[in-house]
Amino acid sequence: MTFHLSDTTYGTDTPEAKQAMYADLRSQLAGLMHGETDWIANTANFSSLVFNTMPGLNWAGFYFLKTQDELVLGPFQGKPACIRIKRGRGVCGTTVEKGEAIVVADVHAFPGHIACDVNSRSELVVPVFSQGEIIGVFDLDSPLPNRFDQVDAEGIGSLVKILEQTLEA
């Protein structure tokens, strides 16, 4: 399988435009990760692909559970970020607690939001699983309010599933 990075400029103004973007991203990600099982390499490329392809982002990256109570920063794209997040704190820690994606239209209205970048206005966090257990989260931030919705949560979730399959290889 060969990898080809699309130079398409994607729209996010309709669910159909977003679904087309995620279909293209799934294809690109599958090609990028084909035959590669190194977790750091795959999460680094995953972050880069999403950050450099999706419009309206100012941060995209991973936090991994290093203990049952603490997430630690992993590969990312964007400004330097908070290194450690306690389980249950902020959007990332709450995602670990709930075990499901969280879409936040206005981070300033989210109780306990951790402001790593003051320019972030909205956020989407999707859990990453291995063998049925949460091992981390993929976090997206945007300087735009209401940037993310359920279509984004499902689209990013479908990308995370491709990544999770590399753990099984």
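Figure 1. At 0% relative accessibility, Asp152 counts as buried, because the cut-off for burial is under 20%. The model shown here and in the other views is predicted. Asp152 forms a salt bridge with Arg147, with 3.5 Å between the closest N and O atoms. Arg147 also counts as buried, at 5% relative accessibility. A further salt bridge joins the side chains of Asp152 and Lys18, at 2.6 Å from N to O. Lys18 lies in helix α1 and Asp152 in helix α4, so this pair ties together parts 134 residues apart in sequence.

Figure 2. Lys18 is buried, with a relative accessible area of 3%. The side chain of Lys18 meets that of Asp149 in a salt bridge of 3.0 Å, N to O. This pair links distant parts of the chain, 131 residues apart. Lys18 sits in helix α1 (residues 15-33), while Asp149 is in the loop between β6 (133-142) and α4 (150-168). Asp149 is partly exposed, with a relative accessible area of 29%. Together, Lys18, Arg147, Asp149 and Asp152 are linked in a network of salt bridges. The whole structure holds 7 salt bridges.

**Figure 3. The largest nonpolar core.** This core has 27 residues. Phe46, Val50, Met54, Phe138, Leu140, Ile156 and Leu159 touch the most other members. At least two core residues come from each of α1, α2 (39-53), β1 (59-67), β5 (122-130), β6 and α4. Helix α4 gives the most, with 6 residues. Apart from this core lies another, of 16 residues, among them Ala81, Ile85, Val125 and Val137. In soluble globular proteins, nonpolar side chains tend to be buried together.

**Figure 4. Contacts of Met54.** Which residues does Met54 touch, not counting those up to four places away in sequence? They are Met21, Tyr22, Leu25, Leu140, Arg147, Asp152 and Ile156. Leu140 and Ile156 are, like Met54, among the core residues that touch the most other members. Arg147 and Asp152 belong to the salt-bridge network.

**Figure 5. Strand β6 and its neighbours.** In β6, 8 of the 10 residues are buried, so the strand is largely enclosed by the rest of the structure. β6 pairs with β1 in the antiparallel sense over 6 bridges. Here the bridge partner of Phe64 is Gly136 in β6. β5 and β6 also pair in the antiparallel sense, over 9 bridges. Ser122 has Ser142 of β6 as its bridge partner. The hairpin of β5 and β6 has 2 residues between the strands. In this hairpin, Gln131 takes a positive phi near 50 degrees.

**Figure 6. The whole fold, for orientation.** The protein has 4 helices and 6 strands. Along the sequence they follow the pattern α-α-β-β-β-α-β-β-β-α. The radius of gyration is 15 Å, close to the 15 Å that the globule rule gives for 169 residues, so the protein is as compact as a globular protein of that length. The C-alpha trace spans about 45 × 35 × 25 Å along its principal axes. Buried residues make up 47% of the 169. Of contacts between residues at least 6 apart in sequence, 53% join residues at least 24 apart. The accessible surface comes to about 8,200 Å², with 51% belonging to carbon and sulfur atoms.

Methods: Residues numbered from 1 in each chain as written. Predicted model: local features only at pLDDT ≥ 70, side-chain atom pairs only at ≥ 80, totals over all residues. Heavy atoms only, no water. Salt bridge = Lys/Arg side-chain N within 4 Å of Asp/Glu carboxyl O. Buried < 20%, exposed > 50% of the residue type's maximum accessible area, 1.4 Å probe, protein only. Core = buried A, V, L, I, M, F, W, Y, C linked by side-chain atoms within 4.5 Å. Contact = heavy atoms within 4.5 Å. Pairing = 2+ DSSP bridges. Rg over C-alpha atoms; globule rule 2.2 N^0.38 Å. Areas by Shrake-Rupley, 256 points an atom, 1.4 Å probe, with all protein chains shown as cover.
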